[in-house]
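This report describes selected helical, surface and aromatic features of one protein model. The sequence and structure are shown first.

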Amino acid sequence: MKLTGKEKFSYGLGAVGKDMVYMLSASYVLYYYQDLLGVNAIAMGIILMAARVFDAFNDPIMGVLVAKTKTKWGKFRPWLLIGTLLNAVVLFLMFSAPPALNGSGLVAYAAVIYIVWGVTYTMMDIPYWSMIPAFTEGGKEREGLTTLARSCAGVGSAIITIVTVMCVAALGQDNERIGFRWFALIVAILFVVFILITCINIKEKSTVDMETPSVGQMFKALLQNDQAMTVVVTIVLVNSAIYITSNLVIYFFKYDFGGEGWKGAYTLFNTFGGGIQILSMMLLFPLLRKFMSALNIFYVSFGMAILGYVSLLALAFTNMSNVYLLFIPGFFIFAANGMLSVLTTVFLANTVDYGELKNNRRDESVIFSMQTFVVKLASGVAALIASICLGVFNISQDAEAEQVVQVAQSSVVGLRMTMTVIPVIGLLVAVFYFHKKYLLTEAKVEEIAAQIKQKRNN
């Protein structure tokens, strides 16, 4: 039975709320604690990275819990709703650090709250993406829903990227610390409402009866699914490159592009970039899909991203007076990011069928728990690299006086190099690794789907 428009809308709306929350944390938690509250940059980087290592153990366990769950509401929706409610509360607390805290107390608060945020986000993110293979057929329907969900996730990310700085300034009346607290509360409420709509309208249409493996067996299954591991490694490299830039772009506008109007320029750039990212998922990807295979679009996206970073670096050292010139590299980077986010999810979904055929077990929860982990791992790696950059080059404002300070030219150069050269290196490694290891062409995916169907019929 085909998916209804109501089901597609409800599932997509959940992605909007989910990625609003994720983008607020991924892009602004370092800025909030390091630049506004004065926590040491490298200390924050270590906290963010350590939380991701903790998730290495938490995420697969969560995948097992989801797989073992059996209720009249299915195995996905209970965790989706519980995780969302808890994560919304923690999100508010994360951007509401008690004013009385400072020094080691503030560092401890940041560490605990961020780890708890990661755990509760995992509780809802794994069942959300694991639902795709459970209520869609392989091929066009799955790819279509994945594209829609990723497009909606891009909308959620874009909303946060575009409105955060201006909303924080307005809500806090130019006190960013207060502004972030109220903005986080608004995002948390929207998150709960959107996911509730998803839970009400989405139901599993089919399940695969199988023995639920232990945690050890799960890890073994993942190691045996070489195609899943190939996609996972690629996601880490791609997202690390992208998140390095997203973590540092606010510092770029604040301390490099500079000026009294830096918030307006930052918002304008992100508005353009967010629009391009959404259009690339909704229009550019489907258009290219008519003429090219998913794999070829994947490689084209890599080329666009690298071209964007190279042109950004060139512009940074030539003309920094006009924000509209930054739209040139922004177009290539944001468009590539949009298409890559769709394609990596499609490729990962395909590895579920591959794993079932190879290992005689359908491990969608575990496979998608790895996606959750690696995306968060990438944000941790990126935050650590960004924090080292901020610490080494001494880039921060006066946290007590809440005023922007002038940074040295050498610091500006270091910032520019970190947010462009390192991402290019990561992308090059990713594309060469993926090209060598990934085997699931469209013909191969169709062949696997046919074999699984025949196997189930027998």
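Leu-171 is partly exposed, its relative accessible area being 35%. In this predicted model, Leu-171 belongs to helix α5 (residues 140-171). Together with Ile-178, Trp-182, Ile-186 and Leu-190, Leu-171 makes a nonpolar surface patch of about 400 Å². Helix α6 (residues 176-201) provides the largest share of this patch, with four residues.

Helix α11 spans residues 327-359 and contains 33 residues. The distance from its first C-alpha to its last is 47 Å, close to the 48 Å expected at 1.5 Å a residue. Most of α11 is covered, with 28 of its 33 residues buried. Asn-360 follows α11 and has a positive phi, near 60 degrees.

The aromatic pairs number 32. Two of them are set out below.

| Pair | Geometry | Centre to centre | Angle between planes |
|---|---|---|---|
| Tyr-32 and Tyr-33 | edge-to-face | 4.9 Å | 90 degrees |
| Phe-347 and Phe-434 | stacked | 5.6 Å | 25 degrees |

Phe-347 lies in helix α11 and Phe-434 in helix α14 (residues 421-437), so this pair ties together parts that are 87 residues apart in sequence. Both Phe-347 and Phe-434 are buried. Tyr-32 is likewise buried, with a relative accessible area of 0%, and Tyr-33 is buried at 1%. Tyr-32 and Tyr-33 also belong to one aromatic cluster, whose members include Tyr-28, Phe-95, Phe-180 and Tyr-255.

A charged side chain also meets a ring: Arg-416 lies over the face of Phe-317, at 5.0 Å from the ring centre.

Note on methods: Residues are numbered from 1 along each chain as its sequence is written. This is a predicted model: local features need pLDDT of at least 70, side-chain atom pairs count only at pLDDT 80 or more; totals for chains, interfaces and linings use all residues. Side-chain values use heavy atoms; hydrogens and water are left out. Helices (H or I, at least four residues) and strands (E, at least two) are DSSP runs, numbered from the N terminus. The expected span of a helix is 1.5 Å times one less than its number of residues. Buried means under 20% relative accessible area, exposed over 50%, partly exposed in between (1.4 Å probe, protein chains only). Patches are made of residues with over 30% relative accessible area and no salt bridge: like charges are joined within 9 Å, nonpolar side chains (Val, Leu, Ile, Met, Phe, Trp, Tyr) within 5 Å. Accessible areas come from the Shrake-Rupley method with a 1.4 Å probe; for residues, only the protein chains shown count as cover. A salt bridge is a side-chain nitrogen of Lys or Arg within 4 Å of a carboxyl oxygen of Asp or Glu. Rings of Phe, Tyr and Trp (its six-membered ring) pair if their centres lie within 6.5 Å; planes under 30 degrees apart count as stacked, over 60 as edge-to-face and the rest as tilted. A charge sits over a ring if NZ of Lys or CZ of Arg is within 6 Å of the ring centre and within 35 degrees of the ring normal.
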